[in-house]
Each structure stands twice: as C-alpha cells, then as structure tokens.
Amino acid sequence: MATQTKDKKQAAKDVVDILEEIATLLNCNLTRHQISLCISLIENGVNPEALANVIKDLRAQYPEPELVEDEEQG
Amino acid sequence: MAHTSTVSALSGELVASLTGLSTSKDAAAFKRVREGAVRAFRTQQYARTNQFEVHKTLDGVVEKFQILYREDLAEALDLRLKKLQPLSTKWTPEILSLLLELSDRPLEKTTLSDLDRLRPPVPPPQLTWQDILREDPLTEEGVWDDIDYAAHGSSDEDSFYVDEEQEAAKDTPATSIAEDDLVASVQQFSIVPDATHIEKIRRAQKPFKSLSSHSEDFGGELLSIGITELMVVRETLFMLRGLPTTVFDLESETGIVRFKESVALPQSSSASTAVLLKELAGLGSRVNALRVWSREQHSVALLQSFQDAICRRIWAFDRSVSTIERKFMDEKGCAVVSIIEICTDAEILARPLLQLQGLTEDLSTRLYPLQCLELLFDRVCLAQLTEDPATFEELGIIFFTCLQVYLRPIRGWMEDGHIDKDDRVFFVQENQKISDLSSLWHNRFSLRLDSSGELHAPHFLRASFKRIFNTGKTIVFRKSLEIDQDQDTTMLLEPSLDYHSVCKSSSDGDLLPFAETFATAFNEWVDSKHTVASVTVKQQLFKDCGLSRSLDALEFLFLSRNGALFQAFADTLFEKLDNRSRSWDDRFLANDLMEAIYSGVSPVDTENISIRTLPNKARIRSVRRLGTILIDYPLPWPIANIIRKHSMPTYQKVFALLLQVYRAAYLLRRLAFVSLAANHRIRTTHLLRFRMSRFVDTLQDYLTETVIGISTAQMRKELAEADDVDTMASAHQAYVQKLEAQCLLAKNFSPFHKAIIQILDLVVAFSDTHTSLHKSNSSQGENSFTARQKQRRRRSALQAAALHEESDSEPDLDAEDGASEGGDEYDADTEHVGILEGSFPERVRKASKEFDKLNHFIIAGLRQIGRTGSEACWEMLAERLE
C-alpha cells in the first residue's frame, strides 16, 4: 500500500514535472504551484476555458505579480 | 458543499498567487476577486473539451515549430508529449487545453534554457567512508598499533632534520618504498630542554634571591652571600644600560638608582664597596635621567632633533657598555675583573652624556626651543676652552645636527621666499594683511621679536639676520616680478655646515675659538644663497621696470632738470596769473600745459601726469599760492618699493620752491624792461633790483646745481652700486632727506624757509609797485579821476595792509577794497604783499631795508648751521649771498 501510494505520488510528480516543462515550452507564464492549482481545479470540474479566461482577466487587472512569476521561472 | 469549498479554497490560492492579494493584504479586494473567479467557474457555460481537438492542436503546434525553424522546441515538446502519454489521466486533455489557451507566442519568447532553469543542479555525490574503504582498506600491518611518542628525542637534532626529510619524501606518491612509518611522530617536532642547564642558572641566581629577600631584614653586612666581583660587574653593566638589577634599585619613572647597602665583596671592606657602588649608582641615575628625558614628547622639530641626537648618544653608550661586557663573556680571553676599572671606564664613556644631562636640566626650567641651540653652542665653546676634545666633538656634532633642523626654514626662506604659516620659531613672519605690492619689500615681511624686544633668533646668528632677511625678500620680489627662474643657474653650491667641515677643515682650526670658526662658516653659507638673486632683481629694476626712466621723469617734472622746459611751464602759468586769469591754477589746464611741454621728453609718460590744486587762503599774488599746485606721477609698483610714497612730499616741496624762485626771477626779468620816470630815485631802485636779482639767481643756482645736481648724481651712483633693494631704498631715502635739508625745507630750517619766502614775496611786491607805477605814468593822459580813485584805493589798501608775513588771509584788505579773489573785479594792482606804503621812494627804501634784514638773517643763520653741521653747502650759500 505504501509502495503504491509512493508510486502514485511519484507518478503525479512526474506528470506535474512534464506539464511544467510543456507550460514553459508554450510560454504560459505559470509557476509550478499555479499549475498544481489549475490541475486541482480542473479535477474538481472547472472548465479549462473558463479557468483560462479567469487567469487572463486577473493578469490583465493585476499585472505586477506576473513579473514576479517571470523572475521565479527565470 | 465540500466541492464548492474546495474550489473556493483553490481559487483563493490561485488568486493570491496571481494577484498578490491575500486576506492579510487588502482582504476586501481579495475576497471580491476570489468570489468573482468562483462565480466565473460556475456560471459560465463552455463546451466540453474535445481531446482529439487538443491533440490535433498540439500536433499542429509541433509542426509549426518545425516549419518556422524551431526544431529544438518542436523536439522538446514532442518528447514531453510522448512522455506524458503513458501517465495521462482523464483530465490530461483539459489541462493541455488550458495550457494551449494560456500559451503566449512561444515561437518568439521561449528558449530551451528556460527548461534547464526549472530543475535545480544535482549536488555532487558525497564522499562516504564506504567509498574510502572501498578504495583503500586499512588492512596493513601495524596500522592499529599504539604510537610511541618518546621514540625520537631532542638531543638527536640531526636526526630530527633527517626525519623531516624522510617525511617529506613520504608525502610524495610512493613508487617502490615500503609503506612503514607512514604516521609522523609528533616527538620529532617537540624540543625538550635540558634540565641541567636550568639547574645551573638557578644555582647562580641563589645569592641574588637571598639578597633581595633579606635586604629589608639586615641593615648591615650580609656575610657569606657569595657575591663575586664578576657578579657585581655584571650587575653594574646591566644597571648602566638602564635595566633593573638586584644589586641596584631602579625607580622606573625618574630613573634614580640606589645601591643595596647590604652588598659586600669578599675581598674589600664594606665601606669602600659602598663608596664605589654609590658612585656608580649616581652615574647610573644621571644617565637614566637622560633616558627619561629622551622619552618625553615634544612638538617642536628642533627639540625633537635634539632628543634624537641624545637617543643616539645613549645607544652608543649602551653599545660601549656591551663591548665591555663582551670581553668578560669571551671564554678564550682572560679579562681582568675589576669593578674599579669598570667605574673608571664608565665615567669616561658617560662624560658627554653627563654634559647633555646637565643641558636638559637647564632646558627643562623653561622650554624655549631656541634656548636648546644657544645652550648647546655655549657648551661647545666651553668644551673647547676647557680642552675637552671628546666632549667638544660630541657636543659639536649634536649642535650641528640640531642646527640643520633650525636652518630648514631659513633655507626655504632664502631659496624660495617661502614661510610656513604655522612656524613660530623662525624669525621672519609674514603680514598677510598687506597686499599692496608697492610696499611688498618694506611691509609684507617683518622680523619676529620676543617679549624683551630682541630678535627671536639664537644670539650667534643675530649678526647675519639682515642678510638672511633681505635675501628672502629679494626672492619674493623676484617672484613677484615674474623673472624667469631658469636664467638664474649660477647659484653657488651650499657649503656643508657640519662639525667636520667647520671645525676640522682648517689646520689652525683648533686655535681659533669656536664662535669665530662658526661665524665664518655661517657667513659663507649665507653668502652662497645671497648671490645672483639680488643682482637679477637689480638688473630687472633698471631695465624692464625702468628705474632710471622713473628717476629721470621725476627729475624733469619736479627738479627742473631741463630748465628751459620748466621755465616754459612756469612762464605760461605766471602769464595767466599776471593777466588776472581766474583759472590760472585750474588743474585741467595746468595738466594740459604740462603734457604739452613734456610730450617730447622720452622718460616722462605724459599720460600718467595728473595735477591737482589744494585750497589755499594765501594772497593770490603771494608766492605761497604757487605751493598749492601738486603733481601726481604714479610709479610702477617695483619702483614704488624704492622711491617710496613718503618721499613724494619732498619732491612736491622742492618743486614748489623752484616754482617760487622762478616766479621771482620772472618778475625781475620783466622789470628790466619797464621804463622809469625821471623823477624817481633810479639808483636806489636799480640797486634794490640788482640785489634782488642776485639773490634770486644765487638761490636758483644753489638749488639746481649745488643741491639737486650733486645730490642726484650721488644718489644715482649709489643706486648703481647697491646690492639689493634695501640698499637702493635706503640710498634714495637718504637722497630725499638730503634734498629736504639742503633746500632748507626741513622742519628745523623753517625760519630760513620763511625768510626766503618773505624775500620772494618782497620781490613780487616790488615788481608790482614798479608795474603799477609804470602803468600810472603811462595812463596819466587818460582819465585822471579813475587814476586818482585807483590811487586812493591803493593807499587805503596799503594802510590797511598788515605786516604779518605768516598770515594767509587778509581780511582787512578784502573788506576795504572789495576786490578779493572772490570779488567781482579782480585788480592785480591792489593785490600785493602789503609792506609797502607811502610814496614810491619810501616804498623802495622800506623794501630795501626789509630785504637787508632778511638777507642778513639768512646769511647769519646759514653760517651758524654750516659751523655746527656737516654740510659745507650752507657755508657756501652764505658766502655767495653775502
């Protein structure tokens, strides 16, 4: 059981790693934490298009934290 | 519910991450944004994500990267997508769709290095014991045995070095050497002292310990103490070097040394030992007093150099004492141990130090830096007189060392004209307030005097202070004249002022007193500085600054060097005066006149001439009015340092006197052509006129030739021969004073001057009388009433005229005839000196009488002065006037 949990955790970590790399390649400007939150929201039934629009709106209203994100990614 | 709260919580976190808002920071906005987001998630209706569409889009993106020459991105994306495939869940397409929505121009902005930054660097693998043991297992023999630290001793010093070499060899990677003795022995690095040596020293110190511990208990002798003479000698030598010892007590602050009375030598009596030790203690005390003085802090450079010299002597003394000690330490030599010999040697060695100690005692009473030099000088002279060559040499060397420090500001002054503003020792000081260049030489620098009014310099240098002072001022003057320094390359090499060159140079140097040899050497030193600078300045003054030109100009303007020009000026002035011109003394007209007359004279710079007139209440016909005309001729500042401002009034006075004499001569000359009526006493008149002419001519000749001519030639000669600016200024000053005295313009000659002026006024009056008479005779055919009126007015004016020669105002005359200087009608006929009244012959007689009186007075007075004074010119003038 513990091994399975561990494997599951490792698999989830791998998925997040790969998604983070894909997000970087596609220049989505999302941190690892934000990606995790988005995954959790989508798994809780949030529509990805809606989520994408909300994120874009928030970025438009509050651009500064975005710069911090860039620095963290960089 | 849980689902909503989960979404709400997740949305809150996402909002906080994206916007930076939080419950602690702008909670209302955070709450609003979060609720807006949650509402957006719930309310907005979107179509379900088509996973095939997503994959198609992703493939399209990869293809697009490939087409647009970003194969690296295409490969990386493709790889990640393939990696994701086995791990994908049912939400993977949604997530990929989200990423595709949020993608922002990856072609332009993405680089592969961004991927590297995602992963932290892998740390290098840590070294573990397993790794070490894997490579190098500790299975050799003897590795785990105990180490014997005492194996290698300090006595085997050679082996110590050998072991070190072996260790060094073992540090290198072994090739074929056996792997024994890998671990270094600590024993090799430790040195164990030999206990026997320490035991020997302890045994030797025992008597001293007993001495120091029992000295308070036993007031008398301490027998069987075992102190040998060698021990006492050693202790003495230590004491003389200022070190604490057991036989002598040393007070560290004052340096006073006291011997322990309980010390006794086995071979001599305690009394004699005590005397000897007391003497040595006294010597040590005095040397230590000098050591203490040498450690004091002083701020004056002179005292510091003296201290340094003392320190060197003390070191030399210490070295000599060490040399004595060395002969006892030499095992091979056989030195005789004698405390008496040590005492004698020490006294001889310490003699110069004792002299210095006495000097420092005298110095300490009042710390005046120059006193140190003066005391040294006196002691050196004393040492020479008392025939103590060693002390003489020692003190001489110290004296010259300190003198070099004292000479530094003097050297700086004499070579560069530079004074340090904070220097209070040097005897020249600068007066910063004086910035006028014309008083640069005389007032900018002054000598510093001490409280008693004496020059602030050592007494043995006071003889040369003037030359030092002048040399420095010459340098400053030269700098102000901006003379090119390169021209002056013939500065003599400075002779060295030290003991050997001063005292040992001449063969009879020992016979001459030190004061004499020093004075000679110092004068040579001063001369070496005082050479070309002053000559250059003098040449510059004569050539470029135009000293000769200025002197010539002054002679032309003030001293009637060219009588014709002077007369031309004077005659024009007198004509205006006689023509009753109100503006005869107008300064602008006079200025123009002077410029016109002297325009052709080269030394005179007519643009600089300026004439001004002083208000004067003297009668307009009196010659005193001519003294109100003043000429201002400014001189360039270098010349103004020689021809000083306070000598210009004398020039003015001489000019006035000459003008007055010229006036009288002018009037008498005109008189010759006035024809006289037959009914007058021609003989008396002619005689008086002749006598007056003779007087005036004699006086004129005396002034121009005897006084001005000879004095000026003398002055020019002295200026040409002068060494420096000071001599030139003094020569000119003397010339001006001589002029003033010989022209009878000085204060003590004022009665004679007044008498001369009276005679000149008499001449004017006589001339006026003649002229008026001539006019009245020629106008007898004219309106006689007018003539009678005029005569009446004249008579009343004469009656009212006072006989006061000194008065400058004639109020009665002004009141009577109303024709004063300020009046409407100016009548020159009524303006005369007022001693003549009555008929013409009466007037002539009175004038003659007055003239005789004044002439005799002048002659008698001049003869008296000639007898008492040093100048022969007065006697000459008296004879000529007689």
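Helix α3 of chain A and helix α5 of chain B form a right-handed crossing, a term used when the near helix is turned clockwise from the far one by less than a right angle. The model is predicted, with local features needing pLDDT of at least 70 and side-chain atom pairs pLDDT 80 or more, whereas totals for chains, interfaces and linings use all residues. Residues are numbered from 1 along each chain as its sequence is written, chains are lettered from A in the order in which they are written, and side-chain values use heavy atoms, without hydrogens and water.

Helices here are DSSP runs (H or I, at least four residues), numbered from the N terminus. Among the residues of α3(A) that meet α5(B) are Leu51(A), Ile55(A) and Arg59(A), and the residues they face in α5(B) include Glu94(B) and Leu98(B).

## The interface as a whole

Contact, meaning heavy atoms within 4.5 Å, involves 47 residues of chain A and 53 residues of chain B. The two chains bury about 4700 Å² between them, 73% of it from carbon and sulfur atoms, where buried area is the accessible area (1.4 Å probe) lost on putting two parts together, summed over both. Of the area that chain A buries against chain B, Glu21(A), Leu25(A) and Leu26(A) supply 15%, more than any other three residues.

## Salt bridges

Side chains of opposite charge can pair when their charged atoms come close. Over all chains there are 37 salt bridges, each a side-chain nitrogen of Lys or Arg within 4 Å of a carboxyl oxygen of Asp or Glu, and 2 of them are found across the interface of chain A and chain B. Glu21(A) pairs with Arg80(B) at 2.4 Å, N to O.

Within chain A, Asp17(A) and Arg32(A) form a salt bridge with their closest N and O atoms 2.5 Å apart. Because Asp17(A) lies in helix α1 and Arg32(A) in helix α2, this pair ties together parts that are 15 residues apart in sequence.

Notes. Helices (H or I, at least four residues) and strands (E, at least two) are DSSP runs, numbered from the N terminus.
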